[in-house]
Amino acid sequence: MNKILAVANVVIKELYRRKDFYVLFILTVLITGLAGSLRFFDDERIARFLKEVCLSLIWLSALVVAVTTTARQIPAERESRTIFPLLAKPISRTQVLLGKFAGCWLASGIALLVLYVFFAIVSASKEHAFPAVNYVQALWMHWQMLGIVIAMTLLGSIVLTTPAANVTIMFVVTTGILFVGPYLNKVAAKMTEPSGSILSALYFAIPHLEFFDFRNRIVHGWPPVDWKYVGAATAYGWAYLAIFLLAACVAFRRKALN
Amino acid sequence: MGAILRTEKLRVEYRSRELRAETKLALKELNLTVNAGEVFGFLGPNGAGKTTTMNVLLGYVNPTAGDAFLFDVSVKNPIARQRIGYLPELTYYYKFLTAEELLRFYARIFDLPRSETEKRIDQLLKLVELEHARKRPIRTYSKGMQQRAGIAQALINNPDLLLLDEPTSGLDPLGRMKVREIIQRLKDEGKTVFFSSHELGEVETVCDRVAILHNGELKMEGRVSDLLAQYQTSLEQIFLKIVGYSAQAPA
Amino acid sequence: MRKQILFAAFLFVACFSLAVTMELWRGGMTKDAARSDSTLAMIFGEGRTLIANSFIAKADAYFHRGNYPSIFESQRVEENHMAEAADDDDSHPEEADHHDHSEHEHDAEHCTDPTHSHGDHDHEGGHSDANGSDWIERFGKHFRANKHVHLEAGEEREMLPWLRLSAEVDRSSIESYTVAAYWLRRLGKPEEAEQFIRSGLRSNPQNPDLLNELAWLQFESRKDFVRARNLWHAALRRWVESEGMKEKPDTTVVSKILRGLIELEMKEERWDVVLKYLEQLKVFSPNPESVQKRIDTVREKMNEGR
C-alpha cells in the first residue's frame, strides 16, 4: 500500500505543479463571474441559472483534469523513460498502475473539492443557503464517476497508441454515456434484430454514469437521496472501476515497455 | 562468497507482430554468475544482448526460457530488486520533482523508515555534491547534475548490488572521474557492482571480473588480471579479438 | 498539437452538422418544417433555432424543477399533452392560449389553477411505466428529479434567463418572447414584459402572436381595455393578412386572439360581440362542441337579460 501511495503522491505533486488545473479553475471563476454579472429582467433573485452555469463548468473542468491527467500518466512514463528506474525498484507493474490510478483519483478529488467549495460560495451568495448534505452527496457521487472515467482512461492509455486519441475517445465515450446511455434501451426497442439486441446488450454493459450526476438535484434544490442508494451506486461504480482496473493491469503486464 | 547475481540458461526471443517476420534471438542460454563484493564488467558490442540481460534482471522483459536470480530470488518477483540499485544510461527522472523529493519517493518504494530516509538523503546529496540544489526541480539541473542525482537514487536503499548501465556515457571528463570515484568507494565498502560499458579502459581500471557477450552468446568470462596475463595485451584488444574484429584489423 | 486541434475542430463540426441534420429531419416530420432556398442559410438558421429551442426546453425543464423528458421520451409526452390539451380546450380561455408555448407550457397555466393538479405523478417515459422497464431505469430514478412538480410562489423567475437567451440567440423565436412575457406578467413585472414584447416586435414587426401577448398585458395588467381591443383587432388583421389566404392556415394564433377578445367582451358584457367571436372560434377550434356549449350559455345569459 505504501508503494501505491508513493506513486500516487508523485501524481498529485505533478497535478499541482502543472498549470492545467489553475487555468481551468480561473476560467471557471471568470465565466461564473461573467454569468453572475448578467441581469435578467432586473431580477436579482434569479439563482439557478448561475448555479447551472457554475456546475456545468465544474463538470467540464473536472472531466478535463481527470481525463488529461490520467491519459498522459503511463505514456509519459514510457516516453520519458522514467518507468525504467521506477520498475527497477521492488514495485510491480500492478502497483505502479494502482498508484497511478489512486493518484489521479485523489488529485481529481482535491480539484473537485476546491471547485465545489467555490460552487458553495457562489450558491450561498445568491440563495443564502448551504445544503451541506446535498453538496456532500453531489461531491461524493461526482468523485465516484470520475473514478470510473479515470479507470477507463488508464485502460485506454495502455491499449491505445497515443494520449491524444485516448483523451478524445474518453471524452466522446463519457459524454456519450452521460447523454445517450440511459436511453439506449428505448432506442433498442425500436430497432430491428440483431441491432436491437446488440444495443440492448450495450445498454446493460456500459457503466451508467448518469446515476452519479446530481447537478439537477443541486440546481433545483431536491432533497438529499437516501444514503442506501448512494451506497448502492458507489458499489456499482466500484464494480466497474475494478473491472477496468483489472483489464488495465492485465494489459499493462503484457505490454512491452519499449 | 555466494552468487549475488545468477542467470541460468537464460534465453530471450523477440517475436515480431508482423506476419512472416522472423523471431529474433537476443540471448542464447546465458549462464552468468556475479559474486558478492565483485565489480563485474559486462561487455559486448551493440546488439550483443547486454541491454536484454539488464532488462531481464530488472524485470522489464520476461525470459523465453531459463531464469535469472538476484540474491537467489527470481527476478520475476519484484522483491528481488529490494537490495539493488540501478543507474540507467541516461537520466530518466520526474523533472517536476526536486532531488530530495525524488529520493524520498524512491525511499518509500523501498519501504525505508522516515528517519532513515532523511538521513540517507542528506548523506547521498552530500556524496554526489547536490546539497546546494536539493530543493530545485530536476529540470533545472545540468546533465552532469542529473546523472549525479541518478547515482543518488541508485544508492537510496544502500544496495548490496548496483546495476550500472553505461554509467559514464555522455559525461564530461570531470563527471566520469566522479562516477569512477563513487564506484571505487562502493567497491571499498564491499558492494557488488555489475555494469555494462563500452569504455574498456574504465572497465580495466575498476573491474575485478568481466564477461564478453556477442550475438546473444557468452564468449568469455574471467578475472581481468587473468585475461591480461593470458593474452598479454590490453582489454580492448582482447575484446576486439573475441568479437572477431582482430582478424580484419591491421596488425 | 496542431493535429489535436484539427481533430477537435473536426469533431465539433461533425457534431454540429449531425445535430443540425437531426433537427432538420425532425422538422421535416412536422407540418411547419423550415423552408429555405439556400441550404447554407437554412443550416445556419436551423443552427440558431436549434440552440434557441434547446434554451426553451431548458426553461421548461426548470419549470418542472429539472424533471424533463429526453428527446427519446418527448414524443410520447407530446402525444399525452396533445390529448390533455384537446380535453381542456376552451375551459380555461387564457390558459389554453399557452398550450403551444412549448411542449409542456400549458402545464404552467394548469399549475396556476388550483382546480387543476397533476399531483406527484411520474414524468418519465411519457407519464407512464412508473416503475421503469429494467433495473437500471428503476435504480436510476432514485437519483433523478422524477416527481412532476412545478415552480411556484415566484420561483418561476428561474426560467427567465433561458427564455431571454433563447430570444437573443434567435430573434425570430416568438415563443421565447410570449412565454417570457406571460411569466413576467404573472410575476408582477408588466414593464419588463412590455419591454420584452416590444423588442420582439422590433425584430418581428406586426407579429400576431406578439400583438396578442401585448394585448393580454394591456387587458390583464394595465386594465386598459381599449388598447387591448385595438391590439387584438390589429393582431386579427395581421393574422388574416399572413395566414388567411393559405390553404392550411395556422389556427393556433387566431384561436388565442379570439379567446382574448371573448374574454374582453365578456368583461364588458357585450354579449352579441362575444357570440360573434365564439362563432368564429368554433370554426378554428379542435373541440367545436365545447365552444358550442359556451355559445349556448351566452345565449341563455342574453335571454335572461332580456
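Guide: This is a predicted model. Let us begin with the sheet of chain B. Strands of a sheet pair through backbone hydrogen bonds, either parallel or antiparallel. In chain B, 4 strands form an open sheet, and their order is β2-β1-β4-β5, with antiparallel pairing.

Visitor: Which are the edge strands of chain B?

Guide: They are β2 (24-35) and β5 (73-74) of chain B, each of which pairs on one side only.

Visitor: How many bridges join strand β1 of chain B to strand β4 of chain B?

Guide: There are 5 bridges between β1 (residues 3-14) and β4 (residues 65-70) of chain B, and the two strands run antiparallel.

Visitor: Where does helix α1 of chain B lie?

Guide: Helix α1 (residues 50-57) of chain B lies across β1, β2 and β4 of that chain. The direction of the helix makes an angle of about 115 degrees with β1(B).

Visitor: Let us turn to salt bridges. Why can side chains pair in this way?

Guide: Side chains of opposite charge can pair when their charged atoms come close. Over all chains, the structure holds 35 salt bridges. One of them joins A:Lys51 to A:Glu127, with the closest N and O atoms 2.8 Å apart. A:Lys51 belongs to helix α3 of chain A and A:Glu127 to helix α5 (residues 93-127) of chain A, so this pair ties together parts that are 76 residues apart in sequence.

Visitor: How should I read an interface between chains? How many residues does the contact take from chain A and from chain B?

Guide: The contact takes 26 residues from chain A and 25 residues from chain B. The two chains bury about 2,400 Å² between them, and carbon and sulfur atoms give 63% of this area. On the side of chain A, the residues that lose the most area to chain B are A:Val10, A:Lys89 and A:Pro90, together 24% of what that side buries.

Visitor: Which side chains meet in a salt bridge between chain A and chain B?

Guide: The count here is 1 salt bridge. It is formed by A:Arg17 and B:Glu101, at 2.6 Å from N to O. Helices α1 (2-17) and α4 (83-87) of chain A each supply at least two residues of the side that touches chain B. The largest share, 10 residues, comes from α1(A). By class, this side of chain A divides into 12 nonpolar, 6 polar and 8 charged residues.

Visitor: How many salt bridges are counted between chain A and chain C?

Guide: The count is 2 salt bridges. One of these pairs is C:Glu137 with A:Lys186, whose closest N and O atoms are 3.4 Å apart. Residue pairs in polar contact between the two chains number 14.

Methods: Residues are numbered from 1 along each chain as its sequence is written. Chains are lettered from A and ligands numbered from 1 in the order in which they are written. This is a predicted model: local features need pLDDT of at least 70, side-chain atom pairs count only at pLDDT 80 or more; totals for chains, interfaces and linings use all residues. Side-chain values use heavy atoms; hydrogens and water are left out. A salt bridge is a side-chain nitrogen of Lys or Arg within 4 Å of a carboxyl oxygen of Asp or Glu. A polar contact is a pair of N or O atoms within 3.5 Å; within protein, one must be able to donate a hydrogen and the other to accept it, and residues adjacent in sequence count only if both atoms are side-chain atoms. Two strands pair if DSSP finds at least two bridges between them. Contact means heavy atoms within 4.5 Å. Axes are lines fitted to C-alpha atoms, for helices over the stretch in contact, and angles run from 0 to 180 degrees between N-to-C directions. Buried area is the accessible area (1.4 Å probe) that two parts lose on being put together, summed over both. Ala, Val, Leu, Ile, Met, Phe, Trp, Tyr, Cys and Pro count as nonpolar, Asp, Glu, Lys and Arg as charged, and the others, Gly among them, as polar.
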